[in-house]
Amino acid sequence: MAIIVQKFGGTSVNTPEKRSRVLEVIAAAKQKGYDVVVVVSAMGRKGEPYATDTFLDLLKGIGPEADPRTMDLLTSCGEIISACLVAHALEQRGIKARPLTGYQAGIITNNCYTNAEIQNINPEKLMKILKEGFVAVVAGFQGINADSDICTLGRGGSDTTAIALGGALQAERVEIYTDVPGVAFTDPRILPEAPYLKKISFEPLYLMSRAGAKVIHHRAVETAINFRMPFYVKSTFTDDEGTLIGQKGENFGGLYGIAVMKEVCCLQTKKEDTVGYWRHQAVDELFYQNSASGAFVVAQMPSDCTGIASAEACALLTVLWEHGSGVNANSIDRVLEKKGMTLLGFFPLIAGGAWAVKPEQAQDAVRAIYEAYLK
């Protein structure tokens, strides 16, 4: 039978009522004849009992600088708890299910504790479980290294797990379920009327996720690119199809979307960054420029201003457009300048660009671009 991989985020599994909806989605896939692999995140967010950040706070309460191996062993428990609860709940509904750690699912990582990368997947055990008629419920965010230590995959790790398993199993579909109905043109909290995309290709979403778009982590998109594994982002709580990532998609007036990164600053150093220090301090290497006169970079506000010529709080707007659409950096400049935006810096991207603006102007800047191209 064809295989489907379904991943459910922490806000989809943190209450019995929400888990009931998750069970309905899984059961519907089984009824359609799929072999089902489910990947789950830890339940809830910071402050909730089994969230990853809650486990980390337990260590911080004892003392600073916990050993990364210890951190990974503890934080992996959140996803394991979710896997056991979902599997047991499926059994109660008469659906055979088997919970698995990342290691039991065959995921091998490198040795980079707290931010590991998947090196290999042996799907043999998963295939055996599926052939026996079980739903495999896999703890996301984790694997095992060559020393048999648990290593976690960093931010977006459960999404990465699902996409990598989909690629290794040659799944027909990978579905990333969350609490939003797909990928929006821009953050709906900034622009409530922002449309949701039906399709978008890998590259613009990869860049937007590096630039601050929160719906999916850029490492998960990179994994999909490596496996050539298209996937859906959709809501657990509606029947909408969501957004398909990995096929040439729609644009709006030539634009794919706008990502916004807040609570950052523009830094200009006094001299050239010869050792690459500021490259590593940048929020992303996309937003780093270096020259003989000094480096210009978007980073977190530094506590030590030694060597810095200027530092100003900003918001970063990244705009991606389709090649040949007629949209370019100059046309975006004109839109922003016409609306009186203060442009603090610019970073060119492939088929796009990023503008640093004053933090209080970010929402107006997004709306100005939206109204210029989508209306």
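I looked up the salt bridges and found 16 in the structure. I took a salt bridge as a side-chain nitrogen of Lys or Arg within 4 Å of a carboxyl oxygen of Asp or Glu. This is a predicted model, where local features need pLDDT of at least 70, side-chain atom pairs count only at pLDDT 80 or more, and totals for chains, interfaces and linings use all residues. Residues are numbered from 1 along each chain as its sequence is written, and side-chain values use heavy atoms, with hydrogens and water left out.

Entry: lysine 7. I found lysine 7 in a salt bridge with aspartate 159, with the closest N and O atoms 2.9 Å apart. Lysine 7 sits in strand E1 (residues 3-8) and aspartate 159 in helix H5 (residues 157-168), so this pair ties together parts 152 residues apart in sequence. Helices (H or I, at least four residues) and strands (E, at least two) are DSSP runs, numbered from the N terminus.

I checked burial next. Buried is under 20% relative accessible area, exposed over 50%, partly exposed in between (1.4 Å probe, protein chains only). Lysine 7 is buried at 7%. Aspartate 159 is buried too, with 7% relative accessibility.

Entry: arginine 21. I found its salt bridge to aspartate 239, closest N and O atoms 2.9 Å apart. Arginine 21 is in helix H1 (residues 16-31), and aspartate 239 is in the loop between strand E11 (231-235) and strand E12 (243-245), so the pair ties together parts 218 residues apart in sequence. Aspartate 239 is exposed, at 70%.

Entry: glutamate 132. Its side chain meets that of lysine 128 in a salt bridge, 2.7 Å from N to O. Glutamate 132 is partly exposed, at 34%.

Last entry: a network. I noted that salt bridges link Arg173, Glu175, Lys234 and Glu241.
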